[in-house]
Amino acid sequence: MSDYRPAATERPAPPIPPRLAAPAVDAHCHVDLLDVPVAEAVAAARAAGVERLVTVGYSVPSSQWCARVAEEHAEVVAAVAVHPNDAMDADADALGVIAELAALPQVRAVGETGLDYYWKRTDPAVQQEIFRRHIDIAKQLGKALVIHDRDAHADVLRILDEVGPPERTVFHCFSGDLAMAKMCVEKGYFLSFSGTVTFKNAPDVREAAAWTPLDAMLVETDAPFLTPMPYRGHRNGPYLVALTIRAIAALKGVPEEEVATRTAANALQVFGSW
Ligand SMILES: [Zn+2]
Ligand SMILES: [Zn+2]
């Protein structure tokens, strides 16, 4: 998540956009925070051409929920972690549960973990230690790492350099600029772009997305947060990753099926097939 508070909105859910020209994957969403049943969220996604999604845990209960739902729904796999905003809650017991969950076959990544210097709900030193512990779990189990980096680019990159990143590392809701995108691609990290690429007030992210090679890119909603334009302020759902894919296709001047197909292939490479 980008904000630790669910988006409180009374505005209606946006309509399902026309189906994408090729199947797509929402690489990061919070199905437990949507106010619709899982089956309904999956059906809406499928109607828009979004055939698979990754539901991402941010606490022990949320991670347990994500692991269970991924077991029950063929379209869904899970990531598990304690969010950096709540890193103060990540004691040895909590990290033990996260490690057990991360070993499950339907759990494909450790995350979202990382650093959040915007909210700073937990002391940065504690966040850094808990980030390192999550990286350890991912490496030990051979799972992907899903990073939450808010206003903490330099420290996130430094810690990855210090400990050595897992083989597959994703910057969720990439919020860096062109220079940072180049650094990440150079290191073999995947950049996951969210609805922020549709926001007029995020020119740096748009520039980064326009440059980022399709073979290093994922797309995500971070639903229920970060609803793409023209529905900013309404509630988000995995089906709306279709709008983000279309925005990236327009930025790059390529057909939408190319963005959908290439980012879906990357998602399977990062998280394994499902
Ligand atoms: Zn998230
Ligand atoms: Zn996040």
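This is a predicted model: local features need pLDDT of at least 70, side-chain atom pairs count only at pLDDT 80 or more; totals for chains, interfaces and linings use all residues.
H172 counts as buried, with a relative accessibility of 3%. Here "buried" stands for under 20% relative accessible area, "exposed" for over 50%, and "partly exposed" for anything in between, using a 1.4 Å probe and protein chains only.

Residues are numbered from 1 along each chain as its sequence is written, chains are lettered from A and ligands numbered from 1 in the order in which they are written, and side-chain values rest on heavy atoms, leaving out hydrogens and water.

UniProt, in an unreviewed entry, lists H148 and H172 under "binding site". The two cluster in space although they are spread over 25 residues of sequence, with a largest C-alpha distance of 5.8 Å. UniProt positions follow the numbering used here, with shortened feature names, and such annotations may be inferred rather than shown by experiment. H148 lies in strand 5, and H172 has its place in strand 6. Strands (E, at least two residues) and helices (H or I, at least four) are DSSP runs numbered from the N terminus. The side chain of E112 makes a polar contact of 3.0 Å with that of H148 and one of 3.1 Å with that of H172. A polar contact is a pair of N or O atoms within 3.5 Å; within protein, one must be able to donate a hydrogen and the other to accept it, and residues adjacent in sequence count only if both atoms are side-chain atoms.

Eight strands form an open sheet in the order 1-2-3-4-5-6-7-8, with parallel pairing. Its edges are strand 1 (24–29) and strand 8 (217–219), each pairing on one side only. Neighbouring strands are turned against each other by 25 degrees on average, direction ignored. Helix 5 (residues 153–163) packs on this sheet, touching strand 4 (107–116), strand 5 (144–150) and strand 6 (169–172), and its direction makes about 150 degrees with that of strand 5. Contact means heavy atoms within 4.5 Å; axes are lines fitted to C-alpha atoms, for helices over the stretch in contact, and angles run from 0 to 180 degrees between N-to-C directions.

Two strands pair if DSSP finds at least two bridges between them. Strand 6 and strand 7 run parallel, joined by 2 bridges, and F171 stands opposite L191 in strand 7. Strand 7 (residues 190–193) is covered on both faces: F190 and S192 on one side, and L191 and F193 on the other, are all buried.

The structure holds 0 disulfides, a disulfide being a pair of cysteine sulfur atoms within 2.5 Å.

A67 is found in helix 2 (residues 60–72). Leaving aside neighbours within four places in sequence, A67 is in contact with A78, L101, L104, Q106 and V107.

These residues are buried as follows:

| Residue | Relative accessible area |
|---|---|
| C29 | 0% |
| C66 | 0% |
| A67 | 3% |
| H148 | 2% |
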